[in-house]
Amino acid sequence: MTAHEETAPAHTPAPAPSPALCRRTVVATIGAAGLAVALTACGNDDKTSPGSAGDGVSKGGGGDGQVLAGTSDIPVGGGKIFKDAEVVVTQPTKGQFKAFSSICTHKGCPVTGVEGGTINCPCHGSKFDITDGSVRGGPAPKPLPTARIVVAGGSIKLA
C-alpha cells in the first residue's frame with residue numbers, strides 16, 4: 001500500500017428493515033392495545049351491575065354523582081326520566097325510591113313515559129314494573145338494569 005492510498009474500513013451497511021417485519025410489529029402492537037382495552041371494559045368495579053340483585057339505592061351521605069332531582073320531584077306511584085343521564089327514578093310507595101336504566105332491553109330505545117305503575121317504551125310497547133324493573137309487557141326479553149342512586153337530604157343523586 002502506498003502512502004497515498006487509504007483503505008476503507010471494512011464496513012458493511014446494515015440491511016434495511018423488512019417492510020413485512022415493520023407491518024407485523026405494528027399489527028401486533030395494535031392488537032395488544034385493543035385486547036387491553038377490551039379486558040379493562042370487562043372489569044368489575046364492585047358497583048351494582050346491570051340486572052344484579054339489590055335496589056341500587058344508598059341512604060345517607062356518600063355519592064359524588066350529579067344531583068338528579070329532589071325527592072318531592074318524583075311522584076308516588078310514578079317516576080321521572082332523566083334523558084341525559086339515561087336513568088329513570090321511580091317512587092313505587094311513599095319514601096321508596098328506585099332507579100333503572102332508561103334504555104329498553106328490547107332494541108335499545110329510550111323509554112319515554114312512566115304511568116300506571118309501569119315504565120313505558122314507545123318503540124315496540126314494552127312495559128317495565130316501577131318497583132323492580134321487571135318486564136310487565138313484551139317484547140323486551142329482560143328487566144331494566146338497576147342504576148345506583150343516593151337519597152339524602154331531600155336530594156336524589158347518581159351514586
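Helices (H or I, at least four residues) and strands (E, at least two) are DSSP runs, numbered from the N terminus. The model on display is predicted, and local features need pLDDT of at least 70, side-chain atom pairs count only at pLDDT 80 or more, while totals for chains, interfaces and linings use all residues. Residues are numbered from 1 along each chain as its sequence is written, and side-chain values use heavy atoms, with hydrogens and water left out.

**The whole chain**

Begin with the entire chain in a cartoon view. One helix and 11 strands are present, and their order along the sequence is α-β-β-β-β-β-β-β-β-β-β-β. Next, switch to a surface view. The chain exposes about 10000 Å², of which carbon and sulfur atoms supply 57%; accessible areas come from the Shrake-Rupley method with a 1.4 Å probe, and for residues only the protein chains shown count as cover. Of the 159 residues, 31% count as buried, where buried means under 20% relative accessible area, exposed over 50%, and partly exposed in between (1.4 Å probe, protein chains only). Among contacts (heavy atoms within 4.5 Å) between residues at least 6 apart in sequence, 47% join residues at least 24 apart.

Two strands are said to pair if DSSP finds at least two bridges between them. Within this pair, isoleucine 81 stands opposite valine 88 in E4.

Move to the turn. E3 and E4 form a hairpin with four residues between them. Glutamate 86 is found in the loop between the two strands, and its phi, near 55°, is a positive value in a residue other than glycine. With 45% relative accessibility, glutamate 86 counts as partly exposed.

Return to isoleucine 81, which lies in strand E3 and is partly exposed, its relative accessible area being 24%. Leaving aside neighbours within four places in sequence, isoleucine 81 is in contact with Val87, Val88, Ser102, Val111, Thr112, Gly113 and Val114.

E4 and E5 pair in the antiparallel sense over five bridges, and valine 87 has serine 101 in E5 as its bridge partner. These two strands also form a hairpin, here with two residues between them, and glycine 95 in the turn has a positive phi of about 85°.

**The four-stranded sheet**

Proceed to the open sheet with strand order E6-E7-E8-E9 and antiparallel pairing. Its edge strands are E6 (113–115) and E9 (135–137), each of which pairs on one side only. Neighbouring strands of this sheet are turned by 35° against each other on average, direction ignored; the axes are lines fitted to C-alpha atoms, for helices over the stretch in contact, and angles run from 0 to 180 degrees between N-to-C directions.

Focus on E8 (residues 127–129). Two bridges join E8 to E9, and the two strands run antiparallel. Lysine 127 stands opposite glycine 137 in E9.

Show the side chains of aspartate 129 and arginine 136, which meet in a salt bridge (2.8 Å, N to O). A salt bridge is a side-chain nitrogen of Lys or Arg within 4 Å of a carboxyl oxygen of Asp or Glu, and the structure holds one. Aspartate 129 counts as buried, at 14% relative accessibility.

**Serine 126 and its surroundings**

Finally, select serine 126, found in the loop between strand E7 (118–120) and E8. Serine 126 is buried, with a relative accessible area of 1%. Beyond its neighbours within four places in sequence, serine 126 is in contact with Cys104, His106, Ile119, Asn120, Cys121, Gly137, Gly138, Pro139 and Ala140. A polar atom of the serine 126 side chain lies 3.0 Å from the backbone nitrogen of alanine 140.

From there, step to proline 139, placed in the loop between E9 and strand E10 (149–152). The peptide bond from glycine 138 to proline 139 is cis, with omega near 20°.

Key:
Polar contact = N/O pair within 3.5 Å; in protein donor to acceptor, adjacent residues only side chain to side chain.
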